[in-house]
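Trainee: I would like to go through this structure with you. Could we begin with the terms and then turn to the details?

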Amino acid sequence: MNIILFNFHMKLKSSENIIDYNNLFDICIANTDELQKESFHLRYRIYCQELNYEPLSKFPDKMEKDSYDSHSIHCLLRYNLTDTYIAGFRLILSPSNNYNKKFPIEGFFPDALANFQSVPRVKFAEVSRLMILPEFRNWSISNNINCDQKDLVNYSFPTSFPLVTLHLYLSFIALLVEFDLDYGLALMQPKLARHSAIIGITSHSIGESIQFNGLRRPFIFKTTEILRNFEQKPTIDESFKKIQYKIRKNLFSNYYAA
């Protein structure tokens, strides 16, 4: 076990409450040149070097980026025990100078939003480039803490759910709320859609599966539906509100710093 995983293991074992895992991570809005470079380089490491989704030669500066980045919210997840960035994602918005510009998902599914024509496009956003360093992907409470089963009775947190993935998913929903977005879009593996429903992040298919870096399918998330789901899962809702507070504080401080 390397030192990072050892520290994580000991932190969880010393927690009086399982939900204390929130203190291990901080979600950050990458709104500075320095933080955006961190995000682009992390994408390069994962999407190009590890997964080979994009050719290395396409990014000689080791920054994986594209035309959607200019109208996206970039997020990074910091692991507080080492003060390093270990994960992240971006939320693609409708650009303010061209509200009719298509989302990436519409390049594969031109009719993806055909049933939502009455909804302004500014009420949609697409989550993409979700990334986690490999050594952090499978962390879960059940893998890292010894609990008596009786302590988990009626506990609404799925103890086998990957902690970093959970934090990213909840951060994605928090951004939808903070930016007053009614719908989120994603091209993802069907099994991830089923997995996310465990924590209340339900989604609805808006197209058939395709082969794109593995099996992928287009899904839509309804913000109000998910918030109602959280109300039925007190522990998830508590985690969500903590993350939402951090994001709101981050956005608020950035607004006054600008």
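Mentor: Two strands pair if DSSP finds at least two bridges between them. Helices (H or I, at least four residues) and strands (E, at least two) are DSSP runs, numbered from the N terminus. Residues are numbered from 1 along each chain as its sequence is written, and side-chain values use heavy atoms, with hydrogens and water left out. This is a predicted model, in which local features need pLDDT of at least 70 and side-chain atom pairs count only at pLDDT 80 or more, while totals for chains, interfaces and linings use all residues.

Trainee: How many bridges join β5 to β8, and do they run parallel or antiparallel?

Mentor: There are 6 bridges between β5 and β8, and the two strands are antiparallel. Within that pairing, G184 is opposite F221 of β8.

Trainee: And β4 with β5, parallel or antiparallel?

Mentor: β4 and β5 run parallel and are joined by 3 bridges. F124 has Y183 of β5 as its bridge partner.

Trainee: Why is β5 described as largely enclosed?

Mentor: Buried means under 20% relative accessible area, exposed means over 50%, and partly exposed is in between (1.4 Å probe, protein chains only). Since 6 of the 6 residues of β5 are buried, the strand is largely enclosed by the rest of the structure.

Trainee: Which residues are on each side of β5?

Mentor: Y183, L185 and L187 are on one side, and G184, A186 and M188 are on the other; all are buried, so both faces are covered. In a regular strand, side chains alternate between the two faces of the sheet.

Trainee: What else pairs with β8?

Mentor: Strand β6 (residues 204-205) pairs with β8 in the antiparallel sense over 2 bridges, and S205 is opposite F219. Strand β7 (residues 210-211) is also antiparallel to β8, again with 2 bridges. There, I210 has R216 as its bridge partner.

Trainee: How many residues lie between β7 and β8 in the hairpin?

Mentor: The hairpin has 3 residues between β7 and β8. N213, in the turn, has a positive phi of about 55 degrees, although N213 is not a glycine. N213 counts as partly exposed, at 33% relative accessibility.

Trainee: What is the phi of D180, and where is D180 placed?

Mentor: D180 has a positive phi near 55 degrees and is a residue other than glycine. D180 is in the loop between α5 and β5. For context, most residues other than glycine have a negative phi.

Trainee: Changing topic, how much space lies in the largest pocket?

Mentor: The largest pocket holds about 1,100 Å³ of space. On a 1 Å grid over the protein atoms alone, a pocket is an open set of points where a 1.4 Å probe fits, with protein on both sides within 12 Å along at least five of seven lines; lining residues have an atom within 4 Å of a point. Grid points are joined across faces, edges and corners, and the volume is the space filled by probe spheres set on the points.

Trainee: Which residues are closest to the centre of the largest pocket?

Mentor: Y47, L130, L187, L192 and R216 are the closest to the centre, out of 37 lining residues. The largest share of the lining, 7 residues, comes from β4. Elements that supply at least two lining residues each include α2 (33-50), β5 (183-188) and β8 (215-222).

Trainee: How many of the lining residues are nonpolar, polar and charged?

Mentor: The lining has 22 nonpolar, 7 polar and 8 charged residues. Here Ala, Val, Leu, Ile, Met, Phe, Trp, Tyr, Cys and Pro count as nonpolar, Asp, Glu, Lys and Arg as charged, and the others, Gly among them, as polar.

Trainee: Which charged end sits over the ring of Y47?

Mentor: The charged end of R129 does, 5.3 Å from the ring centre. The criterion is NZ of Lys or CZ of Arg within 6 Å of the ring centre and within 35 degrees of the ring normal. K101 likewise has its charged end over the ring of Y68, 5.3 Å from its centre.

Trainee: How many aromatic pairs are there?

Mentor: The structure holds 11 aromatic pairs. Rings of Phe, Tyr and Trp (its six-membered ring) pair if their centres lie within 6.5 Å; planes under 30 degrees apart count as stacked, over 60 as edge-to-face and the rest as tilted. Y79 and F136 form an edge-to-face pair, at 5.5 Å centre to centre and 65 degrees between the planes. Y79 lies in strand β2 (residues 72-79) and F136 in the loop between β4 and α4 (141-144), so the pair ties together parts 57 residues apart in sequence.

Trainee: Are Y79 and F136 buried or exposed?

Mentor: Y79 is buried at 0% relative accessibility, and F136 is buried with a relative accessible area of 2%.
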